[in-house]
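The sequence and the model come next.

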Amino acid sequence: MSAQTATTASSSTNVQQDVPGWAVLGPGGIARRFLSQLPASSVGATLVAAGSSSPERAQAFADEAAEHGFADVAARSYDEVLADPRVHAVYVSTVHTGHAALVLAALDAGKAVLCEKPLAPNHGTAMALADAARQAGLPLVEAYMYRFHPQTAALLDLVRQRAIGDVTHIDASFAFRAGSRSGRLFDVGTAGGGILDVGGYPVTMAAAIVQAATRVAVAEPTELTAAGTLGPTGVDEWTTARLTYKGGITADVRTGVRVQDDNTVTIHGTTGKITLSDPWTLGEDPTIEIRTVDEDPRTLSFAGAHPYALEADATTAALAAGHVDVPEYTLDESLATARTLDKWRAAIGLRYPFEAETADIPTVSGRPLTVAAAEPAKPGNPMRYGEVAGVGKRMSRLVMGVDNQPDLAHASAIFDLFVEQGGNVFDTGYIYGGGVLEGRLGKWIQNRGVREDVVVITKGAHTPFCDPESLTKQFLESLERQGTDYADIYMMHRDNPDIPVGEFVDVLDEHRRAGRIRVYGGSNWTPARFDEANAYARANGKHEFEVLSNHFGLAEAYDVPWDGCEHATDAASKAWLEERQVPLLPWSSQARGFFTGRATPEDTSDAELVRCYYSDENFERLRRARELGEQYGVPATAIALAYVLNQPFPTFPLFGPRTIAEARSSMTGLSVDLTPEQVAWLDLRD
């Protein structure tokens with residue numbers, strides 16, 4: 001149901017569009033605080049339903065709502081609440097691990113969502129929720145209620161106005177001592193501990209201050225170090241972290257559930273400091289104290305605000321405006337926070353059992369994965385397909401690289417999105433992550449039960465272990481890591497010209513005849529050496545090399561990022577590929593971000609980008625990609641991908657998105673058909 005449909009449905013029940021109907025999903029302690037302040041809504045928001053897995057708890061909350069002036073609150077199951085046309089928005093306040101399913105269900109029902117922090121236990125799940133909101137066009141707001149309080153707005157204004165000069169350091173804490181080691185706070189199964197429960201407060205405050213000081217939209221630490229204590233139940237009970245941001249601002253943050261801290265925020269600047277003595281709970285009269293070298297101390301008071309009502313009103317205002325987030329705390333900020341909290345937990349060795357590398361991590365929705373490649377004509381499937389003789393499966397033209405996935409939960413979310421968008425080819429290598437990434441891909445495939453639906457490219461024999469014996473040893477280890485008995489495509493990751501090419505062909509052919517490899521080829525092999533291998537194969541009754549994976553893209557490469565790499569961006573290589581019709585699986589088709597907008601002739605901060613791609617000709621290619629992108633309504637990166645897809649020889653470009661948003665952005669290139677004349681024009685061949 002869309003937001004418009006939800007609004008129309010609610011109008012039919014005589015609930016006025018300008019009087020938002022709210023429901024609470026998960027009527028616990030924090031929901032009661034929300035309930036107590038909702039009557040202060042400036043737009044007259046009203047509570048119309050309470051949802052719970054327990055009918056008794058739902059009814060008790062509905063009865064309590066009557067004491068706050070909300071009559072006729074329906075006490076129902078979650079599904080019944082989400083089907084109620086009077087409900088415009090929901091407040092999700094279950095335990096952390098219950099958020100994702102309810103957020104997705106609410107978005108599917110066309111409701112705006114205000115979700116208690118953390119949005120999800122990890123960044124992988126959080127980005128899936130953010131993607132769902134963006135696809136639905138509905139608000140999803142993480143409920144850091146202090147961000148909506150006028151005290152916080154005033155603080156950030158003071159920072160922007162340089163009231164204490166340049167910000168240099170931030171100290172922020174939120175920690176308390178729980179009475180006993182029991183309940184959700186001490187349960188690893190519900191993502192307990194201080195970091196996820198209240199550690200996000202100092203992290204988000206530090207980020208907001210850095211954003212105000214540096215005028216960036218989203219600030220994320222470039223470095224994070226931490227130390228802490230995991231208690232007997234396995235959760236973090238006390239931990240401190242040092243954050244360093246681009247530009248040099250630092251922050252010390254603390255959190256815990258077994259140690260009481262001062263729970264204050266102090267901002268240090270070059271001319272003074274600002275102190276908030278009540279930044280989080282925001283009692284009757286929170287204050288800001290400013291002390292500088294040039295003025296007497298002064299105190300600002302912010303009595304009378306109701307932050308829970310303010311966050312509710314901001315959420316419904318976004319719904320009315322057709323926005324997916326709110327300016328006080330955007331979805332991009334939520335995702336940056338999730339990444340930071342992941343790093344904080346990783347720094348102290350905390351990973352919950354349900355997100356371990358050996359865990360059976362389900363889809364975020366909990367529903368079975370839909371393998372779109374099995375139905376390429378399915379409506380909404382944007383993927384293009386091709387075939388490589390011998391593989392025996394239809395292959396998506398886009399190939400997902402696995403080397404940018406920090407953990408199984410993150411990888412699962414991106415791999416699921418890729419498959420549901422029609423992708424089915426994955427590229428991995430023996431050396432990636434010291435072998436961890438092969439195992440991660442294999443575990444995801446096992447969890448989803450899709451081995452025969454996907455095509456796995458396995459690479460090995462990397463320098464300095466590029467010889468027939470190492471090839472076999474690494475290949476068999478790769479199969480074991482992946483939990484499979486064959487590779488759809490196997491490619492040598494490097495060549496070793498000191499070894500006669502026939503020795504490599506012999507060992508690869510042996511594995512193929514044994515059924516362990518279906519198709520093989522070379523990655524970073526020269527065309528001449530590729531031809532030599534195939535001449536030997538033909539002369540000796542062996543299978544030939546059938547695929548090549550070299551660097552290829554719109555930007556011509558003047559050097560390569562790693563030793564032993566080969567590119568195919570020169571005219572001679574392009575002519576060879578067209579003549580041979582060898583399927584090319586190009587890596588770095590986006591030229592390491594050259595087409596994203598961060599490459600300019602004046603910016604030489606990325607030495608690798610400059611060394612490999614900076615030239616007048618490539619900047620002209622970038623200009624033309626932008627011009628053509630404006631005509632098609634897509635970014636230059638999409639045009640760069642379309643250039644690779646529309647070559648006169650078969651291509652299956654590799655891409656390695658770090659987020660779901662990056663994956664979707666790259667996939668927009670699938671919608672662009674370029675003529676041979678446009679391809680030539682982009683490549684300066686006209």
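## Terms and model

Helices here are DSSP runs of H or I with at least four residues, numbered from the N terminus. The model is predicted.

## Second largest cavity

Helix H10 gives the largest share of the lining of the second largest cavity, four residues. H8 and H10 each contribute at least two residues to this lining. The cavity holds about 60 Å³ of space.

In total, 13 residues line the second largest cavity, and Ala207, Ala219, Glu333, Ala336 and Thr337 lie nearest its centre. Its lining has eight nonpolar, three polar and two charged residues.

## Largest cavity

The count comes to two cavities of 30 Å³ or more, and the largest has a volume of about 90 Å³. Its lining consists of 16 residues, with Pro118, Ala120, Thr337, Ala338 and Leu341 nearest the centre. Helix H6 (123-136) and helix H10 (331-347) are the elements that give two or more residues to this lining.

H10 supplies six residues, the largest share of the lining of the largest cavity. By class, this lining divides into nine nonpolar, four polar and three charged residues.

## Nonpolar cores

The largest nonpolar core has 145 residues, and those with the most contacts inside it are Trp22, Leu47, Ile209, Ile267, Phe426 and Trp444. Helix H8 (residues 194-214) provides the largest share of this core, twelve residues. A second, separate core has 57 residues, including Tyr520, Ala533, Ala591 and Phe619.

Leaving out residues up to four places away in sequence, Phe426 touches several residues, among them Val399, Met400, Phe415, Leu441, Trp444 and Ile457.

Note on methods. Residues are numbered from 1 along each chain as its sequence is written. This is a predicted model: local features need pLDDT of at least 70, side-chain atom pairs count only at pLDDT 80 or more; totals for chains, interfaces and linings use all residues. Side-chain values use heavy atoms; hydrogens and water are left out. A nonpolar core is a set of buried Ala, Val, Leu, Ile, Met, Phe, Trp, Tyr and Cys residues joined through side-chain atoms within 4.5 Å. Buried means under 20% relative accessible area, exposed over 50%, partly exposed in between (1.4 Å probe, protein chains only). Contact means heavy atoms within 4.5 Å. On a 1 Å grid over the protein atoms alone, a cavity is a set of points where a 1.4 Å probe fits but cannot get out, and a pocket is an open set with protein on both sides within 12 Å along at least five of seven lines; lining residues have an atom within 4 Å of a point. Grid points are joined across faces, edges and corners, and a volume is the space filled by probe spheres set on the points. Ala, Val, Leu, Ile, Met, Phe, Trp, Tyr, Cys and Pro count as nonpolar, Asp, Glu, Lys and Arg as charged, and the others, Gly among them, as polar.
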